[in-house]
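Colleague: I am new to this model, so please show me how to read its features one at a time.

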2 protein chains.
Amino acid sequence: MKGDTKKRILKSGAEIIHLKGFHHTGIQEILDRAGVPKGSFYNYFKSKEDFGIQVIDFYVEQFSLLIKKFLEDDALTPFEKIQGILGWFIEFFKSRDYAYGCPIGNLSQEMGDLSPEFRIKLKQAIDSMVKIYAALLSEAQKAGELSGDLDVQDIAGFIVSSWQGALLRMKIEKSSGPLENHRKFIFSYLLRT
Amino acid sequence: MKGDTKKRILKSGAEIIHLKGFHHTGIQEILDRAGVPKGSFYNYFKSKEDFGIQVIDFYVEQFSLLIKKFLEDDALTPFEKIQGILGWFIEFFKSRDYAYGCPIGNLSQEMGDLSPEFRIKLKQAIDSMVKIYAALLSEAQKAGELSGDLDVQDIAGFIVSSWQGALLRMKIEKSSGPLENHRKFIFSYLLRT
């Protein structure tokens, strides 16, 4: 039961922080949404910062669950897996009126300079995304979809960071244009063999 | 004199918001740094939001001043102008320990979903950057540096958004790696003729 309550607080916090950012989200607001009695927050978390760090783990876990169906689909080539993931997120953001963006990216922007603990945790989270793309690109090289002399780590880093920039622009454009532009350039220029 | 005080408040606010974000910056903190008496803020600004909107104009003005020397240097080719601008910013962020990032990008991330007034103003600010790159890329096409059949508006949009993503990653990496990776990919893949 204790685990359930903690999970409920993390989930509610993750949702509110995703839209409003970390500083702008109040603990009371999180507890209200989670339906958890006032005052119980500190039974589960040492501080708001400790909570924020654990929310990052929650986001990484959600991301892994979301992309699992593409990564494990043996009918797809590595490039098709990447297309599948990008396409899924484009549809997701369409359905959310182009709000939210990537919670890890948002927190990197907001907290990167303000808290070393957040910064290190966020770096690990972004690195884990880079690692997933790098593994797919290595697979693509083995499958002959991508030229073998390219540095997959560098390309994966660029895909992840330019995706983050596209999400940022999506939020103020309120359109899928920047995301579609990202996908187009990645596949037309970067990944052409 | 009134104009001077207002400018001083904007400059101080711009500096603090650049590091800490909009919500996390207090009006009193801005007035303290500007050395302006308590309570005078509302002589110049209708609200904190009105102030934030004017800070965006201030950032755009600063950006224009910074890049002017590259844009107006007739000894440089269009590609060299872009290299000059990117190189200048890489050195700037090195000298600031890879903190801050782009104030327009930061605010887009923080405020894009929360205030329509901010969103529209930020979109105009980002569009003005895209316009500058698109003009340079058109010049590059005329000068034969860039293939004439590419859509300069789309490429300029991608350069700006992927730069924003690189800055975001720089903040958590605390290294110039993501910025240098951005420059490398833009010139090795996107702008190769």
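Modeller: Let us begin with one residue: B:Lys174 is partly exposed, with a relative accessible area of 25%, where buried means under 20%, exposed over 50% and partly exposed in between, with a 1.4 Å probe and protein chains only. This is a predicted model, in which local features need pLDDT of at least 70 and side-chain atom pairs count only at pLDDT 80 or more, while totals for chains, interfaces and linings use all residues. Residues are numbered from 1 along each chain as its sequence is written, chains are lettered from A and ligands numbered from 1 in the order in which they are written, and side-chain values use heavy atoms, with hydrogens and water left out.

Colleague: Where does B:Lys174 lie, and what is its phi?

Modeller: B:Lys174 sits in the loop between H8 and H9 of chain B, helices (H or I, at least four residues) and strands (E, at least two) being DSSP runs numbered from the N terminus. Phi of B:Lys174 is near 55°, a positive value in a residue other than glycine. Another positive phi, near 60°, belongs to B:Tyr98, which lies in the loop between helix H5 (78-95) and H6 of chain B and counts as buried at 14% relative accessibility.

Colleague: Which residues does B:Ser176 contact beyond its neighbours within four places in sequence?

Modeller: Contact means heavy atoms within 4.5 Å, and on that rule B:Ser176 is in contact with B:Ile90, B:Lys94 and B:Tyr98 once those neighbours are left aside. B:Ser176 is in the loop between H8 and H9 of chain B and is buried, with a relative accessible area of 8%.

Colleague: Is B:Leu190 buried or exposed, and what does it touch?

Modeller: B:Leu190, found in helix H9 of chain B, counts as buried at 3% relative accessibility. Not counting residues up to four places away in sequence, B:Leu190 touches A:Phe185 and A:Tyr189 as well as B:Leu150, B:Ile155, B:Phe158, B:Ile159 and B:Phe185. By contrast, the C-alpha atoms of B:Leu190 and B:Lys46, 144 residues apart along the chain, are separated by 45 Å.

Colleague: How many residues of chain B are in contact with chain A, and how much area is buried between them?

Modeller: The contact involves 44 residues of chain B and 44 residues of chain A. Buried area, the accessible area (1.4 Å probe) that two parts lose on being put together, summed over both, is about 4100 Å² between chain B and chain A, with carbon and sulfur atoms giving 61%. B:Gln109, B:Asp113 and B:Ile172 supply 18% of the area that chain B buries against chain A, more than any other three residues.

Colleague: How many salt bridges does the rule find across the interface?

Modeller: A salt bridge is a side-chain nitrogen of Lys or Arg within 4 Å of a carboxyl oxygen of Asp or Glu, and the rule finds eight of them across the interface of chain B and chain A. Among them, the side chains of B:Asp154 and A:Lys184 meet at 2.4 Å, N to O. H8(B) gives the largest share of the side of chain B that touches chain A, 14 residues.
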